[in-house]
Structures are given as structure tokens and as C-alpha cells.
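Open your viewer and get ready to select residues by number.

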Amino acid sequence: MSRGVIQPSQQKLAEKLTILNDRGIGMLTRVYNIKKACGDPKAKPSYLVDKNLESAVKFIVRKFPAVETRNNNQQLAQLQKEKSEILKNLALYYFTFVDVMEFKDHVCELLNTIDACQVFFDITVNFDLTKNYLDLVVTYTTLMIILSRIEERKAIIGLYNYAHEMTHGASDREYPRLGQMIVDYENPLKKMMEEFVPHGKFAYSDALVSLQMVYPRRNLSADQWRNAQLLSLISAPSTMLNPAQSDTMPCEYLSLDTMEKWIVFGFILCHVALNSDAAALSLWKLALQSSTCLCLFRDEVFHIHKAAEDLFVNIRGYNKRINDIRECKEQALGSMHRERRKFLRSALKELATVLADQPGLLGPKALFVFMALSFARDEIIWLLRHADNIQKKSTDDFIDKHIAELIFYMEELRAHVRKYGPVMQRYYVQYLSGFDAVVLNELVQNLSVCPEDESIIMSSFVNTMTSLSVKQVEDGEVFDFRGMRLDWFRLQAYTSVSKASLGLADHKELGKMMNTIIFHTKMVDSLVEMLVETSDLSIFCFYSRAFEKMFQQCLELPSQSRHSVCFPLLCTHFMSCTHELCPEEVNTHMHTKTHLSLCNMFLDEMAKQARNLITDICTEQCTLSDQLLPKHCAKTISQAVNKKSKKATGKKGEPEREKPGVESMRKNRLLVTNLDKLHTALSELCFSINYVPNLIVWEHTFTPREYLTSHLEIRFTKSIVGMTMYNQATQEIAKPSELLTSVRAYMTVLQSIENYVTIDITRVFNNVLLQQTQHLDSHGEPTITSLYTNWYLETLLRQVSNGHIAYFPAMKAFVNLPTENELTFNAEEYSDISEMRSLSELLGPYGMKFLSESLMWHISSQVAELKKLVVENMEVLTQMRTSFDKPDHMAALFKKLTSVDSVLKRMTIIGVILSFRSLAQEALRDVLSCHIPFLVSSVEDFKDHIPRETDMKVKHTDGLVELSSAAGLPCEIDPALVVALSSQKSENISPEEEYKIACLLMVFVAVSLPTLASNVMSQYSPAIEGHCNNIHCLAKAINQIAAALFTIHKGSIEDRLKEFLALASSSLLKIGQETDKMTTRNRESVYLLLDMESPFLTMDLLESCFPYVLLRNAYHAVYKQSISANA
């Protein structure tokens, strides 16, 4: 079949344009990376900065492209040593430049072929052909401009070639042409203006001028958009379901940025058209007024006005064009773009809201969605480019604090398209088969001439569309219309050449119909690609500073914080900025770390901001809950009492104290409190954090909610510890009840976060509060358990030992005693029942167990010291053990004893610690009975049914006793004390000797009791049911220590306590015969020590050793003495 001299089908214009455009982007990526590497001192090839090669590099650049290896041995000597390394390391750079040269050759060849074929170009008819043609010219121009910006290009090419010549004896075969190209394209645009003189006469200028139907319509002001109600679905409700139609479907969402590049570079290269064609001049001026700089590639920009003026200034008769450029530069203000962004914010919001409610509209109104995305993307990129590259006095036009809102609505529309893709597929499959196929078939039938090849392609289009059905969508079949689209591209090429039998120029309706059909096919199989084409913002990854600045501005403005999630979402775009011709960008993670760190930083900052807001709310709530503490009601009660008794209430005009809850009473709903502002800001930010469950950047999954969870855990941990207000210097600490109130207030606020964000706040509580029950948290920091344990041991109990505090059994609390140096705290406020319960609530069973273990460690250290005192007095004690029925001998032996007071003091300290522990255990039991009553009752039941004779002696009961102790239940033999005392290891002492020491310790305590009668502080007080020097705690100490020691040494607890009772009663009865009043002044008070409750001894046994009548008389005496003292 004859088509003239040049057959279009043989030229394969469509295939060449497709391949060369893709290769051009790949070459741009490689050249861009070389430029960036050479501009970075760390990444620059080492040979360019090596001092030893400096003279050689300068020589090569000076002589470039000539090669002179002779007579320059001295300058090139160092090069000779490193030639193999240079060849190896610079090969990638050198052959990239060779690839650029080959790409240039192929482009020039194709442009000449297109000129020879006299191809007809019209963006509204043969869209794909025209677009690819214009793209190729711009890609080629951009590549040569960026190549000329690599300052080290001559050094790299020259170094490689010299090394090649030294190694192989000849220059690289590509070097002469490559060197000449580098020299020719020193000023790339000037060279290309000469190059494009033949191209600009026909095809190229026609392609550019065809934009007059599209570009002015796209480059309208915001007011014109608003008047036309652009992108509005609800402006005409009656046509809401009608499909959005246009004769130029693909032109509607064509990037404005792309068109401006076509126009600016096109009319710079074919500047003659500006003088001869009014339409060309109009397009040129409009483009110059729209922008001051264009994006070449990524963050490389081209300053239009300066470059154009510099090129035109040397052309005769171009003064008018230069004046045009200067006028347009003055008019190129950012106000038009600012207004456009303002309009697009509201338009996209409306569109996203309507589509969210009625996703079925995505079918007929898909064009609106892609137009909206394209328009918004153009304005965002314009702002990004100009804000980073323009230094103007008025920066308001280049700073947009609401840019996040626009990006957010773009992301919403993208999400709708991805989510409701099947809805769109279903619509357009029916559209293609039911309408497009019929119309196209009619158009083909009405063609006057239709050659065989074209007829086959057209028929295949109709058949492909007719065969489609909704069932394919329902069955999840994967559609692929790429072949159909490429066939249409080929058909455009066949029918656009000058001597085509079927000329597309004469059948424009066919071209427009096919363009519409191609858009419809993309709605079925290429939605993701369409999203990338119209809304890809991966360019942000090359403007990281501007990107971060926009994010910070977004967070600073409360009304914009709900849109802050768009910044991490933008990081998901970054994967589309790579190219297969530059695999090292992916394989070596050139940009991956930057992108991941950006996404991580954004999510982290959002979580921190939310955490800070939550902390502020918690602080406010803690203050409010603090007002409800009982201590604050004293003044109110006092005022009420005074009012009742009609007493003067102090100064006149004293302001009445506000009662808690006043803050909730509002006279005006417009009144906004600080708490309201915080809640509003938090709800806005939490909307953003909760917007997506996760997002993927470079195969890494980010979960925004987890960032918030981790920050809340860290802050909650710090806040709990901070609220203890522990001051190591002054030993001050918050009361457990007050801390518990604050923690509960804090937890209430945190629980309310679940109303804003889908996070498991219970997990936060479990992680944090469980860590607080341990000695240290996961970061190795002290917890409230360690702080309170330390305070009770080192502050409260130490003051008890010093005689400043006493344990009052009647009050079940430790109470301050009147002393010269008043204590800084009131012991009762830290140790009464309510405070101990609060402590148990805070520390939990684990924390209370740690407290018990710490108490037991102190007891074990006291027992160790007691054992040393027993060893010192062993001989005397051994004799006294068997001589308790010989009073005179006992008296003589007693005088030989040393450290009697120390023994009693240490035993009293042990008793005090055990009393404190019993308070803690009782509080724990009360708390657990409220929280887990069924479990506690089960433990009690188990404990009650252990046979007493097997308790702590049969191995399988050990765990149950420990369980009982952990639940706060009292045990006859304290397992914690047994563990603490059994861990003491005495060197060179046999078990028999240890047992003997334990027995003698009981003897030592028993024979020392009478000395207490002479102590003035040993007076028994009926009011407190104890002694002010805490000797009433001795009973508990003796019982528990004896039980633990004789359990460890497998002795009989009852026998040893009987022995103790015999010795103690004998010793105490002797002081009844004393006549010295000083020695016996508190005799009755000391007698009462024998009235101790013991699980191992009976009252009958006591009666046999120490008549109860003496105890009754002693009680009578101390009560009588107390009454007379009070009188």
C-alpha cells in the first residue's frame, strides 16, 4: 500500500516519541544527580578535589576539548598513577554524558523526520501526538540547560579521556563528538535557537499556536472561575447526574505548568513566530505574566524574564520584544495565584464533601475531580517554586498559611477515587459499551475515505468497547486498555502526516471523540496513573526546608492543624519521583532516608503538639479536682460556723471565696475559656492524627496513632512522677490521696481522648501504671513506687526511730510527738487508713510487695546486728537461759550483759516497721476487696483451709502463703520476712550454731524487758493504746521474728515462745519486788507488754507464768494515772 515516499507507519513516530520521552526523563534524572553530586563537597568525585591532581585538572579544563599528552608529563604525572581508578570511578559520569549525546542525536533525527512528514499538530485533535511532541522538545531543552549547569563537566570528561588514552593509547571513540557538544552547548538556548530555525517554520509553531484554544481558558482569574461556578456540583442541581463533557477532555486537566513550559521554551526557540503571529505573541505574554520562574526538573528552576531578555538583547530589531518581557515581569505578581488558591480551597472542600456523601457522582463527574486536582496541584507547585526562588519586597503573595487545607482536600479527593474505583469502573464500562462504541461506529461508517489499516484499527476499538460488561467489574477482572490507547496514538501519527489518505485535520470530530473515549478507558484501568498525572506532589521532597516551614506554619495556626496530616500523606507521593534509568536512587537509598525522616518528623511533631495540649488540659483538670480536696473545705466550714454564731468574719470587704464548679456557669455562650480553646485545638489536631490508620513510604509503614500513644505513655509517666512533688533536699512529697486524685483526673482526661482518636488508652494505662509498680521504669528512671518506698523508709520511719513520731494503735496511724524541732510534715496525714489505701491504689500489689521487701531488708539488717550482740553475750545468755528460776544468779548474770538498750531499741524498730507493714497490708486487702472481691474471697478460703501444723512447713503450701501475703491477708508466719532472714548468710557458722543464736536472741530480749520500766517514755497511754516510745510494737516484733527464725531453722515456734514467756515473766515479776522508785516508775506499763496477742500462745499458758490479776491491776493503775494526769 503506497503512502508516498515516506510511509508514516514505517517511521513509527508514536513509538519513538513514547520511548524518547521516557528516556529523556531518565536522562534528566541521571544528569540532575550528577549536578547535585558535583555541588556537594561530600559526594563530589574525589579526583576533582584532590590537591595532587589540581594542576592536572586545571590543565585539562584549559585545553578542553583538545588532548595533549606529550610534553606535559610533569602536570599529568599524578594522573598516570591513578589512571585505572579514574577510569573505574568516572565511567558512570562519562557514559551518562555519552548517553545525553546519543539522546540528542535521536531527538534531532526524529524532529527532522517530523518536519519531513509535515505532521499536522493540534492539541485539541491529535492530543497525544501534539503533547508528546511538545514534551520531547521541552525535555531535550531542559536536559541541555541542566547539562550546561554542571560546572565540572569538562573536568570529568577530560579526566576520563586522559586516563583512557594513558591506559589504551588512544582517546575514547565517543570523546571527539562529546567534547564538541559540550563546547557547542556552553550557552544551550542560544545554540538551540539556531538549531530550531527549520523546525519553527511549520510543525513546532503550529503545535504551539494550537494552545490558544486551551491555555487562555486554563489561565483565568479566580473571579472568572467563581462567576462560572467552576467545579461546583450543586450550582445546577438539575444537571447533577449529567456526565461532565468537553470536546477537549484531556486538555481540561492538562497541567498549566506543562503548558507554560511549552510556550516559554517554544517561543524562545522559535522566536520568529512572535513577530509574525499575533496568537503566538498573545500566548507568550500570558505565560510571562503568569510566572517568573519555571521548573526545569525537580528543584532546578529557569528564570524566564532574565533568560529571555539576555537572549533577545543580541537580536536586531527585538527591542519591542524586550519591552514586552519587562512589562510582563512587572505584571507577574502573585496576587492572582493567591486568589486562585483561595477559590480552590472552597471549591475542593465542596467537591470532596458532596462526593463523600454521594460517591456515585464520581462516575458522571470524574472529569471535575481530575480538573480540581490538576488546578490545585499547579497552584501549589507555583507557590513552592516561587517562594523558594523569588526575593521580593512583598512576600505576602508567596506565603500561604492555608496551603495545608488545599493539599488536604486534594488528598481527600484522591482517597475518594481510590476507595470508590469500582463505582467509576462500573459507570465507564457501561458508558464505553453503551454510548462511546455506538457513536464511534457511526463516525467510522460516515467517513468518506477509510484506508484498510485505519479501518482495522477503528473496528478493533469498536469491538473492544462493545465486548465490555458490568459483570467483568463484579467479577474483579483486571482491565488493560494500554494497547487500545497506543493504537490510537499510532493512528494519530498515521493520519496527521501531510499525504495521509485519511487526514485527521479534515475529521476533527473523530479526533475529539477518540480523545473522550481514551479518557473514559483511563477511568476503567488507569485511575492510579491518572492520580499521579494530575495530583503528584513528589516535588516537595526536593524542597524539604520549604516543606518543613509549611508544616510548622500549619501547626502554629489552630484552624489549620486539622489538615496537618496532609504533610505525612505527601511523603507517600515521593516514591513516584524515581526513574528506572536511575536505579541507584532506589537501590542505594539516595533519598529514602530523607523522605522517611521527614514523614517521621511530621508525625512526631503532630503527636507532640497533641500531647502538649492534652497535658495542658490535664493540668487544668487537676487544678479543678484539687479544689474538691477535703482540706479546702475548712475555710467554708469556718465561715458557715461564724455566720451561724454571728461572729465577725475578719476584714470588711473581703472577697467571698469562689466555690468549685463556678467555672461551669456561663452567662454568655460567646465566653470562651482557656479550657474550651484547648479542647477545640485538640479535637482539630486529633482529627488529623485519626485521619488515616497507616501510611506507607518506601515500604515502611507509619501509624500516626502509635506516635500519639507512645508520646502519651512517656508524658503520663513523667507527669505521675512529677505530681509526687518529691524534693530530695527537703524530703517533701505529695500525700498519696492527693496524688491519687490528680492521677484519676489525669486518667479521666486521657480516657476522653478515645472520643477523638481511635487508640486503646487502656493499653497506655496498663503500660504506664504497671511500670510505676516497679522499682524503675523501662527507661531506668525512678517510679512512684521507689519514691514512696524511699520516703516512708528514710523519712517517716527514720523519724519514728529518732523518737519524733509514735505509732498509735487506737488510730491505726503514726502521729507526730511534741518535740523542740517540729517536723516539716504531719505523719498522720501520710499514714492513716485513707492514705495507706490511696498508696495501695497507686502502687498496686506489685508496688506494695516491693515496699514490703524493702521493709524486710531493713528488718534483716537489724536482725543481723542483733545476732552480733547475741554472739558478744553468748556465754552469759547461755547461763541465763537455764537459770531463770534462780533470781540472785540471774541478777548477777544480768549485770554482765552489754548493749541491753541497743537490743531493745533495735527490736522496737523492727516492731515499728512490722506495724507499718501491717497497716500497708490491711490497706492493700481493703483495696483488692473492692477491685477483685471474688478473687480475694477465694484466696481467703484457701488460706483458711490450710492445716495450721503444715503452714510454711509443707512445700506445696509456700506459694499459697505468698499469694495470701500478696493479697494483703495477715499470715501467722510472714513469708516475706522468712525470705529476707533466710537470705542472710553467716560465714563459718554451722546451722546448729545459727539456731542457738536465734534461741539466745529471744532470751536476750526477755531478760532485757525490765529495764524499760525505768524509762520515762515507757508510760502507757490508754488514749492511744500504746507507749510514746513505741515499745508496744515489741510484741509484734517478738512474735514475727520468732516465727520467721524458727521456721527457717525448723525449730518449734511454740516451744521457743514458751521459753521466752517464762524468762520474760520471771524477769518482770522481779521488778515487783524492787523498792527503787526510779527503776520501777513505769512498772505497770511494762507489765502490759505481756498482754500480747500471739497465734502461738494461749491465755492459759500466760496465766501459768504471769497471773492475769497482775495485768488487770496494771491496766487499772495506768488508766487511773491517765485520768489524774488529765485532771
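Is Lys285 buried, partly exposed or exposed? Select Lys285 and look. Lys285 is partly exposed, with 29% relative accessibility. Keep in mind that this is a predicted model.

Asp324 counts as buried, at 6% relative accessibility, because the cut-off for buried is under 20%.

Next stop: Arg744 and Glu841. They form a salt bridge too, and their closest N and O atoms are 3.4 Å apart. Color helix α35 (residues 736-752) for Arg744 and helix α39 (residues 833-872) for Glu841; the pair ties together parts that are 97 residues apart in sequence. Arg744 is partly exposed at 44% relative accessibility. Glu841 is partly exposed as well, at 29%.

Then select Lys35, Lys36, Arg149, Asp299 and Glu300. Salt bridges that share partners join these residues into one network.

Move on to helix α3, residues 54-63. Which two side chains meet in a salt bridge here? Pick Lys58 and Glu54: their N to O distance is 3.5 Å. They are four residues apart in the helix, so about one helical turn separates them. Lys58 is exposed, at 53% relative accessibility. Glu54 is partly exposed, at 35%.

Finally, zoom out. How many salt bridges does the structure hold? The count is 50.

Note on methods
Residues are numbered from 1 along each chain as its sequence is written. This is a predicted model: local features need pLDDT of at least 70, side-chain atom pairs count only at pLDDT 80 or more; totals for chains, interfaces and linings use all residues. Side-chain values use heavy atoms; hydrogens and water are left out. A salt bridge is a side-chain nitrogen of Lys or Arg within 4 Å of a carboxyl oxygen of Asp or Glu. Helices (H or I, at least four residues) and strands (E, at least two) are DSSP runs, numbered from the N terminus. Buried means under 20% relative accessible area, exposed over 50%, partly exposed in between (1.4 Å probe, protein chains only).
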